[in-house]
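Keep your viewer open as you read.

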Amino acid sequence: MISFLRACCFIAFCFYTLAIQAQSTEQRVEVTYVKGNTPGEYSFRATNPNPCDYTVKVDVTDLTGLSSSSSLPFVGVVRPGENSLFTLKPSSPNSNGTFRYSYTYLRGRSLRAEPKPFVYLLPVAPGKPCLVQETQYIGTALGLKGDALSNFYSLSIRMEAGDSVFAARRGVITGLIDGITHTQKDAMYVRNVNQVDVFHNDGTFGRYARLKAGSIAVQDGDHVEAGQFLGVVSDELSQKPSLFFTVFYLPLLNAQQQTAYRYAHVRPKFVAQNQESGDMLIPNKTYVAIRPMELVTQEMSKRDIKNYFKK
């Protein structure tokens with residue numbers, strides 16, 4: 001029983017990193033307003049200095065003498081850089097409007113529905129066999145009442161010490177954590193780990209957790225291609241090194257209202273030897289990684305493909 005609990009606590013840290021560590025390298029999103037061209041008009045805007053999309057919620061209170069160009073509270077996606085949000089205009093000529101506002105923001109592009117299925121590469125070297133296991137959310141593993149996460153899904157990919165980790169899909173690096181070292185083997189619970197998040201074109205994130213400190217070869221804002229080297233798996237926490245891989249996104253409903261867990265998880269499909277069409281992986285089964293070029297380039301434009309082969 002003790003070994004079971006140790007395993008569950010150990011492998012389930014991914015949820016906590018999703019809620020806490022994802023914010024470690026983020027920069028503050030600013031929502032401000034400026035006076036418009038028309039007297040009494042106020043235009044709201046957001047500045048997002050991060051390399052991925054964010055979702056902002058703007059609450060406007062004590063609104064008098066003004067009408068909004070958008071429904072309130074305002075919830076919308078802000079791309080990296082400057083973004084226009086909505087405008088407050090006088091509800092009648094020469095009226096002196098007043099208001100107060102506050103805002104919150106969440107990392108990710110809020111999505112109305114779960115993203116369409118996508119075939120990922122295994123994040124290991126081609127020809128490399130790896131044992132795949134499903135991890136379990138710690139609240140479920142310990143039977144904590146009122147602490148369930150029904151859609152939690154994360155994979156533990158067994159590797160060897162010194163093995164390289166590669167991007168399973170094209171995207172941009174965001175939320176990178178590096179420099180964390182551990183000295184205790186087989187710890188029951190680990191809160192802080194080195195990890196890389198990749199923001200994908202469809203609004204999902206791919207998380208690669210438990211990387212070796214100092215081995216990460218990318219930086220926040222870097223664009224990476226499927227199959228690109230990210231770093232080396234850590235062997236500090238276990239005699240059997242494992243990479244934790246998770247795909248998650250921000251549902252619009254969770255961005256609009258307060259929920260215990262803001263992000264939803266995706267059960268990704270993969271390509272592997274004897275599984276070229278792509279399918280969900282079977283737990284406790286060993287797969288051999290392959291890297292078909294049609295999957296490496298599946299999200300590239302013709303120009304991107306041309307430049308890729310030039311490199």
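Does Ser-154 count as buried or exposed? With a relative accessibility of 1%, Ser-154 counts as buried, where buried means under 20% relative accessible area, exposed means over 50%, and partly exposed lies in between (1.4 Å probe, protein chains only). Before going further, note that this is a predicted model, in which local features need pLDDT of at least 70 and side-chain atom pairs count only at pLDDT 80 or more, while totals for chains, interfaces and linings use all residues. Residues are numbered from 1 along each chain as its sequence is written, and side-chain values use heavy atoms, with hydrogens and water left out.

Ser-154 sits in the loop between helix 3 (138-141) and strand 10; helices (H or I, at least four residues) and strands (E, at least two) are DSSP runs, numbered from the N terminus. The side chain of Ser-154 makes a polar contact of 2.8 Å with that of Thr-246. Such a contact is a pair of N or O atoms within 3.5 Å; within protein, one must be able to donate a hydrogen and the other to accept it, and residues adjacent in sequence count only if both atoms are side-chain atoms.

Now follow the chain into strand 10. Strand 10 pairs with strand 9 in the antiparallel sense over 3 bridges, and with strand 17, again antiparallel, over 4 bridges; two strands pair if DSSP finds at least two bridges between them.

In soluble globular proteins, nonpolar side chains tend to be buried together. A nonpolar core is a set of buried Ala, Val, Leu, Ile, Met, Phe, Trp, Tyr and Cys residues joined through side-chain atoms within 4.5 Å. The largest one has 36 residues, and those with the most contacts inside it are Leu-122, Ile-173, Val-196, Tyr-208, Val-218 and Phe-245. Among the elements that give two or more residues to this core are strand 9 (129-134), strand 10 (155-158) and strand 17 (242-249). The largest share, 4 residues, comes from strand 17. A second, separate core of 26 residues includes Leu-85, Leu-106, Val-172 and Leu-250.

Next, look at an open sheet of 4 strands, in the order 1-2-6-4, with antiparallel pairing. Its edge strands are strand 1 (30-35) and strand 4, each of which pairs on one side only. Strand 1 and strand 2 (residues 42-48) run antiparallel and are joined by 6 bridges, and Tyr-33 stands opposite Phe-44 in strand 2.

Finally, a few backbone details to check. The peptide bond from Leu-72 to Pro-73 is cis, with omega near -5°, and Pro-73 is found in the loop between strand 4 (66-68) and strand 5 (74-78). Arg-210 has a phi near 80°, a positive value in a residue other than glycine. This arginine lies in the loop between strand 14 (205-209) and strand 15 (223-224) and counts as buried, at 3% relative accessibility. Asn-284 is not a glycine either, yet has a positive phi of about 65°. Asn-284 lies in the loop between strand 20 (275-279) and strand 21 (285-288), and is exposed, with a relative accessible area of 57%.
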